[in-house]
Amino acid sequence: MNTDSLLVAFVTWFVLAFFVALNGGYLLLNLFSLRALYRKGQEAFIGELPRAYSGLEPPVSILVPAYNEEATIAASIRSMLQLTYAEFEIVVINDGSKDGTLDVLKREFALLPFPEAYRRQIATKEVRQIYRSTRYPNVRVIDKVNGGKADSLNAGINASRYPLFCGVDADSVLQRDSLAKVTEPFLRDPTVVATGGTVRVANGCEISGGFLTRVGLPRSPLALFQVVEYLRAFLFGRLGWSALNGMLIISGAFGIFRKDAVVLAGGYRPDTIGEDMELVVRMHRTLREKRQPYRIEFVPDPVCWTEAPEDLATLKNQRVRWQRGLAESLNANWGLMFSRNGGIPGWVAFPFMLFFEWLGPVIELGGYIFMFYAFLTGLVSWEAFGAFLFVALGLGILLSASGLMLEEMSFHLYPRGKQLLLLGLMVILENLGYRQLNTWWRLIGLWRWLVQKEASWGAMKRKGVGYDGQAQAAPPVAPGEPGEPPSGRPPGKAP
Amino acid sequence: MQASFLTPTGHSDIFISAAIWTGLAALLLTLLLGLQIIAMRIGLRRRRRGEARALARWRPVLNAAIVGEIPDTLPPLRHGERLPFLRLWAHLQGSLRGEANEALNEVARRAGIDVYARTLLARGARPARLLAALVLGHLHDRPSWPLLMRMAEVPDDTLSLTALWALVRVDPQAAADYMVPLFIQREDWALSLAAGILQQAGEPAGAALARHLPLLDATRLPRGLRIAEALHVTLPAGLLASALRSEAMPVVIAALRGVRTPETIADVRALLQHEDWQVRVQAARALGRVGERSDAERLVALLGDAQWWVRYRAAQALLELPALSRADLDALRASLTDRFAADMLSQAMAESEAG
């Protein structure tokens, strides 16, 4: 056996081992999720009983960063005002919008300037004015100089009154009981510092008055692929990590944090794209360094619905950003990896993310290209090539199918047989091109992170699942700005 | 020369075998998952149909009971109807108050639900035990007390807390005596949860807490005081004064939160200058509740504190003081030379006006 053959054999085995380890890791997470969902299912009827507030629930400040959101901001805030929770306030942060966002807010909520002694716990861009609604006493608006989403959230934290805050995307569609669901872990366990809930794809659903009234599936294959992807990412990705207290991501679209823990960690980093993931990783690092007992939990209930991109360009932009965000988050927190008190986050979750999610696209795509090239040039047999594809695709389909099973055993939100069949079909089809395309985009994201291209606010090209109906005119997109996702956070990528 | 297992003509080598077996395992598991999904969907549909039938029979009966028209003869509760019935019954119990609860209890007893729930509590699976504890709690079912006590001691938090809730419903006095020391001891249970259950016990919980607090050491006392605060228990002045003079900061902070009457005002005033800002915050709040007009000067001094929360609470406390009119506050604000102090007072006044 010569050197070339040895090299080919090594690479082939390495790629195969990578695919098996990656999927094996996720299958293991799947088992943890299965147990968690099973127990949750046993208690489901308690959650369905009428809720009586004892008055002891921790009040929550909902922070809504808004940049050029004049088309949807008023409807979003109105729907948030209808959330069922004992005590909450809404703090909208207008991040120097260039459109009429502030005027809309002033008009719709009868805002008046409020003489607030703004508390600067975390440094932010200048706050121009704070307004308070004369119509809704629990609504305030911070008007500030543009500084990005993270900077806006920091300003919101500074101005918030309550011990918990909830970061929400202005275009998220929330379940009416979302706050109650996601604050439950805080009530149960005093060491909980952050919780996140499941984000689902809103495309194809009916929305009225800012709330979801009927769950449906989108027609676009691209959006359908994302439905399966979100199931996989949330129901076993995050839930599995949460069971191990190793969850490194809480979606920016909806997450609740204990303010003191976030301030202790230094707040959101304004110079990152993936500010939500970076914060969670940093919280792990900080709290572990300080040896403070804590938990970061995931609530599998669907609490937030978001519009998924239906065109390739927007989707590509989203995925590129997510990968950059992941790279930034890990790069900024190397100290967590294999640290003395790192525990599961430092010794398992961080290395897993690093190897399989951060570096994964290189190996995955490299593996496909190598095997294809080796097959064409006769370096590997057609049997070996076929066997490789069989494993890579087979394991991928298995993972997607397990996501669908978790959905069926827990929430079964898609009641019709046809819907189940369609999702089953997507489970297979998404592995035949879509996931490989995603890997390519992630590779681009990695490259862009390496060359450090600038990050800024932007707007996603929306079809409009927004408010009162399905099809809505897309809100204006500021010229010259890149299309960007509604949330700066990946659904967590399974291979 | 190429490695034989990777040559175009190579076959049955380790790589291919490993890959094929892995792929086959994945395929087989996927098929099994598919079948499982279909089986779950069929099971769900069957269950829902059964539930719908049970509810169609029993909802009118329960609705009639709620409005005081309990039928003389109840339809027999079939085996398959029991769980849907219990769920509907528990749901209605949670939504209603007063006579309707008693009417529902009467229907349940006549249908033999109490006996069935006790069986579930003793021998059922976890979800059945949870449901049974809820039902027996609503029924104030005294015979299930020993079983509920046993369930309250299991390590599973959901089971134990549900059992504790049921115990409170069965016998508030006995449950309060049992639970107060337990809730103070179990620091892993969130305070709000513990207090939420104790709130259901009403007066007996307050009395049990008042008896138990003097027995606590400095490590347990803060939690006991916080529970007392959540239950709005007025603490004996002697106990409060001694806690306010404690060396342990958590005890002092918890005691300040419990100050509701002016007996300990001298101790509260002394704590306004404490080196720990969290003590100053709570002292300002306490003074807002029990202070006099003469305390305004002390609170004005705190408006210049380095800590935002101390300034904020001091400003709010000023607004709560008796006999300070709006004109007095305007004059006070105008007289402030410290910008931070003036800003904070402006904010508190604006908040107060906005409601």
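How many Å separate the centres of domain 2 of chain B and domain 3 of chain B? Taken over C-alpha atoms, the answer is 31 Å. Keep in mind that this is a predicted model, in which local features need pLDDT of at least 70, side-chain atom pairs count only at pLDDT 80 or more, and totals for chains, interfaces and linings use all residues. Residues are numbered from 1 along each chain as its sequence is written, with chains lettered from A and ligands numbered from 1 in the order in which they are written.

**Stop 1: chain B**

Colour chain B by domain: domain 1 is 49-70 + 82-170, domain 2 is 171-233 and domain 3 is 259-355. These bounds come from an automatic or database domain assignment.

Switch to cartoon and you'll see 19 helices and zero strands in chain B (DSSP runs numbered from the N terminus: H or I of at least four residues for helices, E of at least two for strands). The radius of gyration of chain B is 31 Å, well over the 20 Å that the globule rule gives for 355 residues, so chain B is more spread out than a compact globule. That radius is taken over C-alpha atoms, and the rule is 2.2 Å times the number of residues to the power 0.38. Along the principal axes, the C-alpha atoms of chain B fill a box of roughly 90 × 90 × 45 Å.

**Stop 2: where chain B touches chain A**

Now select the interface: 54 residues of chain B are in contact with 52 residues of chain A (contact means C-beta atoms, placed from the backbone, within 7 Å). On the chain B side, the elements that give two or more residues include helix H1 (14-66), helix H5 (126-138) and helix H19 (339-354) of chain B. H1(B) brings the largest share, 17 residues.

**Stop 3: the sheet of chain A**

Over in chain A, ten strands form an open, mixed sheet in the order S3-S4-S5-S2-S1-S6-S11-S8-S12-S7 (two strands pair if DSSP finds at least two bridges between them). Its edges are strand S3 (111-113) and strand S7 (173-174) of chain A, each pairing on one side only.

Zoom in on strand S6 (residues 164-168) and strand S11 (residues 254-258) of chain A, which pair in the antiparallel sense over five bridges. Click Gly167(A): the bridge partner in S11(A) is Gly255(A).

Finally, pick helix H6 (residues 178-188) of chain A, which lies across several strands, among them S6, S11 and strand S12 (295-306) of chain A, and runs at about 175° to S12(A). Axes here are lines fitted to C-alpha atoms, for helices over the stretch in contact, with angles from 0 to 180 degrees between N-to-C directions.

Note on methods: Contact = placed C-beta atoms within 7 Å.
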